[in-house]
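Hi,

Here is the structure I said I would pass on. Have a look first, and my notes follow below.

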Amino acid sequence: MKRIVFMVTVALVVALTLVGGAASAQEPEAVSVQVDPTAKAIAGGQTLLVTVEVACEPGWQVHEANVSATQGATSSLAGIGGVVCDGKPHVHKVRVNALDGQFSRGTASVSAFVLLLDPATQTTVQGQDARTVSVVGAR
């Protein structure tokens, strides 16, 4: 009897290990977002030009896509236009216009966010990246 209990226990441990390993296997991401480490202050510092790479799998619809930037008291938000979900990475140059103040050389906190919708199931997935970028350009 002890042998049967031992064998059942071993079988359960092996089964749970296999199931756990399969469950932890990474599925491919439906969306990836990456902010370039350098941004450029243009138009006398009124605008921060941010480069963002977005890739998303076919079949998903873009529900929301934006970039936010903050440097000291200056901050703003801008949409990422023209995001296409075709499985390929696409580079977007996003113009973030300062609400108050100006962007200048130095560093800024930049984040990009993309929210996708599966039209068949109404489920959503998101991708984002946030980093401190080097700002070049305006003084």
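Let me start in the middle: the largest nonpolar core has 30 residues, and Leu48, Val50 and Val67 touch the most other members. By nonpolar core I mean a set of buried Ala, Val, Leu, Ile, Met, Phe, Trp, Tyr and Cys residues joined through side-chain atoms within 4.5 Å, where buried is under 20% relative accessible area (1.4 Å probe, protein chains only). Two or more core residues come from each of strands S1 (31-35), S2 (38-42), S3 (47-56), S4 (61-71), S6 (90-97), S7 (106-117) and S8 (124-137).

Val50 has contacts (heavy atoms within 4.5 Å) with Val35, Ala39, Val67, His92, Lys93, Val94, Val96 and Val110, leaving aside neighbours within four places in sequence.

As for the fold, the protein chain runs α-β-β-β-β-β-β-β-β from the N terminus, with helices (H or I, at least four residues) and strands (E, at least two) taken as DSSP runs numbered from the N terminus. Of its 139 residues, 34% are buried. Among contacts with a separation of 6 or more, 68% join residues 24 or more positions apart.

This is a predicted model, so to speak for its limits: local features need pLDDT of at least 70, side-chain atom pairs count only at pLDDT 80 or more, and totals for chains, interfaces and linings use all residues. Residues are numbered from 1 along each chain as its sequence is written, and side-chain values use heavy atoms, with hydrogens and water left out.

The average pLDDT (the predictor's confidence in each residue, from 0 to 100) is 84 for the protein chain, and 78% of the residues score at least 70. Over residues 1-27 the pLDDT is below 50, and this stretch has zero contacts in the model beyond near neighbours in sequence. Where pLDDT is low, the predicted coordinates should not be read in detail.

Cheers

Technical notes. Buried means under 20% relative accessible area, exposed over 50%, partly exposed in between (1.4 Å probe, protein chains only).
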